[in-house]
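I opened a new model today and kept notes as I went. Here is what I looked up.

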Amino acid sequence: TSELAKAPADPASKALVLIAVQGPAGFTVGKSKREDVDKVLGEPLEYLPAGDNHNAAYRGGLTCNFDPNGVLNTVFTRASFAGSTKEGLRHGMTRDEVQKKLGKIQGGVGPSWLLPGLVVKFAATGVVQRFVVTKG
């Protein structure tokens, strides 16, 4: 059974829309500080060290990675994320469904599709498992 099948959708995430290079509306990867993110997503549920960086897990199925200076490095979804990307991509979509939404060839059967400011990660079953918003 996949992680997607086990995790119930977080109701707080249903209205969230991820924008490449930004994250949800209200902050921007590579520019915003943890305080900015907390204003939008609320207090983190937990903090975890990630090398020199740290991750903060928030309600809504989102985890944010911050660099040692507290600047937002990436935003990634957890299995409970029930929102979408600006393009309408959602967890559980097939490669073909993602391809149709994007309207152009993104490529292959690899585990990840790298788009400008957004990584789409697929599970071994070929469905979207995670999104990672990056600096671009």
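**Ground rules.** I am working with a predicted model, where local features need pLDDT of at least 70, side-chain atom pairs count only at pLDDT 80 or more, and totals for chains, interfaces and linings use all residues. Residues are numbered from 1 along each chain as its sequence is written, and side-chain values use heavy atoms, with hydrogens and water left out.

**Whole chain.** I counted elements to begin with. The protein chain has three helices and nine strands. I take helices (H or I, at least four residues) and strands (E, at least two) as DSSP runs, numbered from the N terminus. Read from the N terminus, their order is α-β-α-β-β-β-β-β-α-β-β-β. The radius of gyration is 14 Å, close to the 14 Å that the globule rule gives for 136 residues, so the chain is as compact as a globular protein of that length. That radius is taken over C-alpha atoms, and the rule is 2.2 Å times the number of residues to the power 0.38.

I then checked the extent. The C-alpha trace spans about 40 × 30 × 30 Å along its principal axes. Of the 136 residues, 45% are buried. Here buried means under 20% relative accessible area, exposed means over 50%, and partly exposed lies in between (1.4 Å probe, protein chains only). Among contacts with a separation of 6 or more, 45% come from residues 24 or more positions apart. Contact means heavy atoms within 4.5 Å.

**Strand β4.** Which residues of β4 point one way, and which the other? I found Leu62, Cys64 and Phe66 on one side and Thr63 and Asn65 on the other, and all are buried.

I looked at its partners next. Two strands pair if DSSP finds at least two bridges between them. β3 (residues 53-58) pairs with β4 in the antiparallel sense over five bridges. Alanine 56 has cysteine 64 in β4 as its bridge partner. On the other pairing, five bridges join β4 to β5, again antiparallel. There cysteine 64 has valine 75 in β5 as its bridge partner.

Both pairings are hairpins. Three residues separate β3 and β4, and glycine 60 in that turn has a positive phi of about 90°. Five residues separate β4 and β5, and glycine 70 in that turn has a positive phi of about 85°.

**Valine 71.** I stayed with the loop between β4 (62-66) and β5 (72-77), where valine 71 lies. Is valine 71 buried or exposed? Its relative accessible area is 17%, so valine 71 counts as buried. I set aside neighbours within four places in sequence and listed what valine 71 contacts: Gly30, Lys31, Ser32, Lys33, Asn65 and Phe66. Threonine 28 is 43 residues from valine 71 in sequence, and their C-alpha atoms are 9.6 Å apart.

**On to β9.** I followed β5 further. Two bridges join β5 to β9 (residues 128-133), and the two run antiparallel. Valine 75 has valine 133 in β9 as its bridge partner. β9 also takes five bridges from β8, antiparallel too. In that pair, phenylalanine 122 stands opposite valine 128. The hairpin of β8 and β9 has five residues between the strands, and glycine 126 in the turn has a positive phi of about 90°.

**β7 and β8.** β7 (residues 112-115) has Trp113 and Leu115 on a covered face, and Ser112 and Leu114 on an uncovered one. Four bridges join β7 to β8 (residues 118-122), running antiparallel. I noted tryptophan 113 opposite valine 120. This hairpin has two residues between the strands, and glycine 117 takes a positive phi near 80°.

Leucine 118 lies in β8 and is buried, at 3% relative accessible area. Beyond four places in sequence, leucine 118 touches several residues, including Ala20, Trp113 and Phe131. Valine 21 is 97 residues away along the chain, yet the two C-alpha atoms are separated by 6.8 Å.

Valine 21 is partly exposed at 32%. Its phi is near 70°, a positive value in a residue other than glycine.
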